[in-house]
Amino acid sequence: MKAMISTLSLALSLALAGPAVAAEPAKKAPAAKSTAPAAAPTAADADAFIAAVEKDLFDYTVEASEVNWVNSTYITDDTDAMAARINAVGTEKSVQYALEAAKYMNVAGLSADTQRKLDILRTGIVLPAPTKPGAAVELSKIATDLQSQYGKGRGTLNGKEISGSDIEAEMGNLQHTPAEFAEMWTSWHDNVGAPMKEDYARLVTIANGGAKELGFTDVGAMWRSGYDMPPAEFAKTTETIWQEMKPLYMALHTYVRWKLNEKYGDAVQPKTGAIRADLLGNMWAQEWGNIYPLVAPPGTGDLGYDIGDLLTAQGKAPLDMVKAGENFYSSLGFAPLPESFWKRSLFTKPADREVVCHASAWDIDNKDDIRIKMCIKVNADDFVTIHHELGHNYYQRAYKDQPFLYLNGANDGFHEAIGDFVALSITPQYLVDIGLLDKAKVPSADKDIGLLLRQAMDKVAFLPFGLLIDRWRWGVFDGTIKPADYNKAWTQLRLQYQGITPPAERPATAFDPGAKYHVPGNTPYTRYFLARVLQFQFYKAACDQAGWTGPLHRCSFYGNKEVGAKLNAMLEMGMSKPWPDALEAFTGTREMSGKAMAEYFAPLKAWLDEQNKGKPTGW
């Protein structure tokens, strides 16, 4: 989840600037004034409301983006204070406009366009507060405290305190013993998660009250309503996609469990049952790439080249890497990036000040002032990340002429998936095409299994985790999971979907969900599951359009103008149409599906099945 910080996800909590795109908000704007009429509202009143809101939010987000850009690229106490003020204004606007939008939902004669924009306003708030006095303040305080608790969280390693970022790194250090992994996992979950439980339960109660005022049964139903289909149908759709991918995940689980058993023995990781969560190289067992050395097939995982080394050998600098990324999109027929992009982006870490180095793509003025913010290093990871981040920028520019409330991806999985699917096209052939790799050094087919396994350890392993976080929250919000059962239900879902288990029995007082940032941070998570699936769907569509006939994972559509034209047709729609319309514009289908991802990894699946013969599967 590299990617972006949405201009509006912080300020407005509206799905306007992208699931992880654009900038964060910025300057102080006047509080929004109510536009709701005193008498019974009419369709004309609703149209006037939308027009006023779009004008106000357009102006606000430009100012907000400017301030937050300064804060992210010049961190001081003053810029922190400026950003906090402007973001608070955005929060106020988003709450007020969502509540007002709800008043127009049942007005007769609404146009489809106005109805859609009202829905966007109404479903855009992640945590709605009820209007009763004090509720918004209490909800804000709890949400802020939960995030703060997480940020200050500490675990231990060999009895010594260790920070959250350090513990993440150490969980991927294969030199540690199983006992050390267990200590880090348990201490983090106990210290960070458990103290949050009571506050989280209170947050659920307050936010559900706000969701009801907006016309939803609960917060989970409100989240699921943002996908152009009934909430129950969306839940069913995501489950169907998971079932398409489950055989591949099960094969990977079986293989990895066997390798962990070979490494650690029956007493630590048995040959049957669930995998111990702390042995997978990641605090949440969400991606397993850190333990690739333990499972790599001998000799097949070595590419024979490193992109970073290739760049260094040719004397490439960070700006050259960005130019290479622009060149990829130009080869598809997209117009060059504006001159302001090159003047205003942050490409390398300044020596004289603190900046937020986390890579992100920004749309400052909702028109042409697009930028990236990175502290680029000449290595393979940043080369890929540049291609990914620019995907957000080209998406932003493609839909710039849409009305303000449509300045976003078709759904919250699309924006991330665009950059991800372009990054999939960084194949050896693409590196040859741009003069970075000698054609004679293109890896032979016998390297493919290792390469696919390394990708699967992150992309495939993530899928069930990408589903279960919101599955758990949906149950919490609708009351089927009671506070007394929060942790029990979490552990059961982890077992059901991921086939993993804690390193030791968890007490009833535990609150392990709180140990994952997106829970105390109240960030909906299904978007990441969708992005993992959609990137392969987009990639296959592009490869089919390019006439590719070889193995899917070897395809690059670099230089294909037909692909670029069809891609742009989807991108320029923004959020103006239901996402199936956007998906169809590029892929020819109206259904999100895991079949393209399954095809991509089909050679690996066949190999895993061969390795797994005679070994127990499932848990």
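Q: How many aromatic pairs does the count come to by the ring-pairing rule?
A: The count comes to 46 aromatic pairs. The rule takes the rings of Phe, Tyr and Trp (its six-membered ring) and pairs them if their centres lie within 6.5 Å; planes under 30 degrees apart are stacked, over 60 edge-to-face, and the rest tilted. Please keep in mind that this is a predicted model, where local features need pLDDT of at least 70 and side-chain atom pairs count only at pLDDT 80 or more, while totals for chains, interfaces and linings use all residues. Residues are numbered from 1 along each chain as its sequence is written, and side-chain values use heavy atoms, with hydrogens and water left out.

Q: Why is the pair of W223 and F477 called edge-to-face?
A: The ring centres of W223 and F477 are 5.4 Å apart, so they pair, and the planes stand at 75 degrees, which puts the pair in the edge-to-face class.

Q: What makes W223 and F477 a tie between separate parts of the sequence?
A: W223 belongs to helix α9 (residues 219–224) and F477 to helix α18 (residues 448–478), so the pair ties together parts that are 254 residues apart in sequence. Helices here are DSSP runs of H or I with at least four residues, strands are runs of E with at least two, and both are numbered from the N terminus. W223 and F477 are both buried, a label that means under 20% relative accessible area, with exposed over 50% and partly exposed in between (1.4 Å probe, protein chains only).

Q: How do you know which class the aromatic pair of F334 and Y394 falls in?
A: Centre to centre the distance between F334 and Y394 is 5.6 Å, and the planes are 65 degrees apart, so the pair is edge-to-face. F334 sits in the loop between α13 (318–331) and α14, and Y394 in helix α15, so parts 60 residues apart in sequence are tied together.

Q: What makes C357 and C375 a disulfide?
A: Their sulfur atoms are 2.1 Å apart, and the cut-off for a pair of cysteine sulfur atoms is within 2.5 Å, so the pair qualifies. The link of C357 and C375 is left-handed, with -80 degrees about the S-S bond. It joins distant parts of the chain, 18 residues apart: C357 is in the loop between α14 (339–344) and β4 (360–363), and C375 in the loop between β5 (370–373) and α15 (380–398).

Q: Why do C357 and C375 carry the burial labels they do?
A: C357 has 32% relative accessibility, so it counts as partly exposed, whereas C375, at 11%, counts as buried.

Q: What pattern do the disulfides follow?
A: With bonded cysteines counted along the chain, the pattern is 1-2, 3-4, and the structure holds two disulfides.

Q: How do you know where the charged end of R532 sits?
A: It sits over the ring of F462, 4.1 Å from the ring centre. The rule asks for NZ of Lys or CZ of Arg within 6 Å of the ring centre and within 35 degrees of the ring normal. The charged end of K615 likewise sits over the ring of W258, 5.0 Å from its centre.
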